[in-house]
Amino acid sequence: MSESLRERRPLGLGPPADSPEPYEPIQPGSGRPPLRKRLARWLAPLGLVALKAKSLLLLLPNLKLLATFGTMAVSIAAYSLLFGLPFAVGFVLLLLLHELGHVIQLRREGIKASAPIFIPFLGAMIAAKSLGKDAAAEARDGLAGPIAGTIATLVPLALWLATGAEFWRALAYLGFLLNLFNLMPVVPLDGGRAMAALSPAVWIAGLAGLVVLAFLYPSPILILILVFGALESWRRWKARASAQSKAYYAIATRTRALVAVVYLGLAAALAVGVAETFVSRSL
């Protein structure tokens, strides 16, 4: 056997005899970072995600306000196509104050209500888990919106009387008309909520009046309200004999009389406002 063959060593048993410097054998797991660094590499992104999630939770009330102002902006843009930007801004503000009347009253009743959400050409809405503990609470909530909306409409009315500008007259007219329409005794309109404290039978008269109005002035909005009103009235009528329903509508006679006085007085005031601000335009 030659000298070169005798000096060979099996692979992996160490350096050759003529190697200038010895070296350490390769250990399992060498070449990877330590466990602590590997954990830090994984935990850092997870911590960042958790921090972002916490920030979003803290900003949730602001996100609700952003939804309100965002839908307001969309509605203003939509109404401005028909009425122009200044009038659209005024109209949406009147809608906002009307809905805030509902929000304030619901919270006074101990019911959590959402911020208003605007739907172009349909108005605005709020969400609540209930309408109140009884029909009196539902009536108070129903009347709170038109009352707040009527008070808000007094601003353009006063500006029209002070300046004589037709812009403010038109805005006042629309505000009065909007709140008067909402007093129609049909659920889910505000007047229908108020009539819950008087007698559900009034809803039948309200539905009949709405049918006539939809026939004379065909409108998708009127038809939509008519369908929802009929369904809701039928649902309540079927449940009228239940113990829960009887307890809900069992309110004091004095409360019924007070609701009737406020409803009729508000409707009369709004009707006068509509008549006084109406402008007949010849074609």
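Predicted model: local features only at pLDDT ≥ 70, side-chain atom pairs only at ≥ 80, totals over all residues.
Colleague: Thanks! With that in mind, is Arg236 buried or exposed?
Modeller: Arg236 sits in helix 9, which covers residues 220-238. Its relative accessibility is 8%. The cut-off for buried is under 20%, so Arg236 counts as buried.

Colleague: Which residues is Arg236 in contact with, leaving aside its neighbours within four places in sequence?
Modeller: Arg236 belongs to helix 9, and its partners here exclude those within four places in sequence.

Colleague: Staying with helix 9, is Leu224 buried or partly exposed?
Modeller: Leu224 is found in helix 9 too. Its relative accessible area is 39%, and a residue is buried under 20% and exposed over 50%. Leu224 therefore falls in between, as partly exposed.

Colleague: Which element gives the most to the nonpolar patch?
Modeller: The patch lies on the surface and is formed by Ile119, Leu122, Met125, Ile221, Leu224 and Phe228. Together these residues have about 510 Å² of accessible area. With 3 residues, the element that gives the most is helix 9.

Colleague: Now Gly191: how far is its C-alpha from that of Ala267?
Modeller: Gly191 has its place in helix 7, residues 190-195, and at 0% relative accessibility it counts as buried. Leaving aside neighbours within four places in sequence, its contacts include Pro185, Val186 and Tyr263. Gly191 and Ala267 are 76 residues apart in sequence, while their C-alpha atoms are separated in space by 9.5 Å.

Colleague: What phi does Phe121 take?
Modeller: Phe121 lies in the loop between strand 1 (117-119) and strand 2 (123-125), and at 42% relative accessibility it counts as partly exposed. Most residues other than glycine have a negative phi. Phe121 is not a glycine, yet its phi is positive, at about 70°.

Colleague: And which residue just after helix 4 takes a positive phi?
Modeller: Helix 4 runs over residues 85-108 and reaches 35 Å from its first C-alpha to its last, close to the 34 Å expected. Just after this helix, a phi of about 85° is taken by Gly110.

Colleague: Stepping back, how many helices and strands does the chain have?
Modeller: From the N terminus on, the elements run α-α-α-α-β-β-α-α-α-α-α-α-α. Of the 283 residues, 34% count as buried. The secondary structure comes to 11 helices and 2 strands.

Colleague: Last one: what is the mean pLDDT of the chain?
Modeller: Some stretches call for care, and residues 42-60 are one of them: pLDDT stays under 50 there, with 1 contact beyond four places in sequence. Across the chain, 76% of residues reach 70 or more. The mean pLDDT is 80.

Methods
Residues numbered from 1 in each chain as written. Heavy atoms only, no water. Helix = DSSP H or I, 4+ residues; strand = E, 2+ residues; numbered from the N terminus. Expected span 1.5 Å × (residues − 1). Patch = residues over 30% accessible without salt bridge, like charges linked within 9 Å, V, L, I, M, F, W, Y side chains within 5 Å. Areas by Shrake-Rupley, 256 points an atom, 1.4 Å probe, with all protein chains shown as cover. Salt bridge = Lys/Arg side-chain N within 4 Å of Asp/Glu carboxyl O. Buried < 20%, exposed > 50% of the residue type's maximum accessible area, 1.4 Å probe, protein only. Contact = heavy atoms within 4.5 Å. pLDDT = per-residue confidence, 0-100.
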